[in-house]
Amino acid sequence: KECAETRMVPDGGDCQALGEPRRPNWACPSEMRDALPEFIQIYKKRPIQNNSGGMRFDHSFALWYILKQLRPAAVIESGAFKGHGTWIIRQALPGARVISLDPKPPLKRLDKVEYWVGKDWVDLAKVDWKSKGIDPSKTALFIDDHQSAYKRVFLEMRNQGFYKFLIEDNYPYL
């Protein structure tokens, strides 16, 4: 569907450095506003109430909304921390295959999530994903592992055919 609000008002932001400022059709501001009440109700029920050091409301909404719009068959999450991001993924895509990778197990584990954590952890870029039944064209990668996003996206995962990336690094500004 077409969004009447595809053009952005020039504000000098980072996204505009890439050329003519446009939003994808699914990033319609009025539809995002309309989705907020549903997300607020979901967010109130989050099992990890204090996600200090991790995603808060705004980044959680962005992850949830984008995944609901893209509707990938699978999500691979690199960096689980407490498990809040995994929970948001599951709320957006209850039927999707979710694989969560982290050297340290999250505080909260969910049913129907494949955890490759602790002694079972393997680096995202070291996996032959097609041999694990993952179709890169139907998969979103959620990268919140505080590694080089440029290296992860352009040098490692694009070579395997992935092209849907959500990168979350919520370090404090400066």
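Strands S4 and S5 pair in the parallel sense over four bridges, two strands being taken as paired if DSSP finds at least two bridges between them, and within S5 the bridge partner of Phe 142 is Leu 166. Helices (H or I, at least four residues) and strands (E, at least two) are DSSP runs numbered from the N terminus. The structure is a predicted model, in which local features need pLDDT of at least 70 and side-chain atom pairs count only at pLDDT 80 or more, whereas totals for chains, interfaces and linings use all residues. Residues are numbered from 1 along each chain as its sequence is written, and side-chain values use heavy atoms, with hydrogens and water left out.

The pairing of S4 with S5 belongs to an open sheet of five strands, with parallel pairing and the order S3-S2-S1-S4-S5. Strand S3 (114–117) and strand S5 (164–167) form the edges, each pairing on one side only. Neighbouring strands of this sheet are turned by 15° against each other on average, direction ignored. Strand S1 (residues 74–78) and strand S2 (residues 97–102) pair in the parallel sense over five bridges, and Leu 101 in S2 is the bridge partner of Ser 78. Helix H2 packs on the sheet, where H2 touches S1, strand S4 (139–143) and S5, and the direction of H2 makes about 170° with that of S5; contact here means heavy atoms within 4.5 Å.

Buried denotes under 20% relative accessible area, exposed over 50%, and partly exposed the range in between (1.4 Å probe, protein chains only). Asp 123, placed in the loop between S3 and S4, has 17% relative accessibility and therefore counts as buried. Residues up to four places away in sequence not being counted, Asp 123 touches Leu 101 and Arg 152.

Helix H1 (residues 29–44) packs with helix H2 (residues 57–70) at an angle of about 115°, their axes lying 10 Å apart; axes are lines fitted to C-alpha atoms, for helices over the stretch in contact, and angles run from 0 to 180 degrees between N-to-C directions. The two helices H1 and H2 are therefore roughly perpendicular to each other, a description applied to angles of 65 to 115 degrees. The contact involves residues of H1 including Met 32, Leu 36 and Phe 39, and residues of H2 including Phe 61, Trp 64 and Tyr 65.

Notes:
Parallel < 35°, antiparallel > 145°, perpendicular 65-115°, else oblique.
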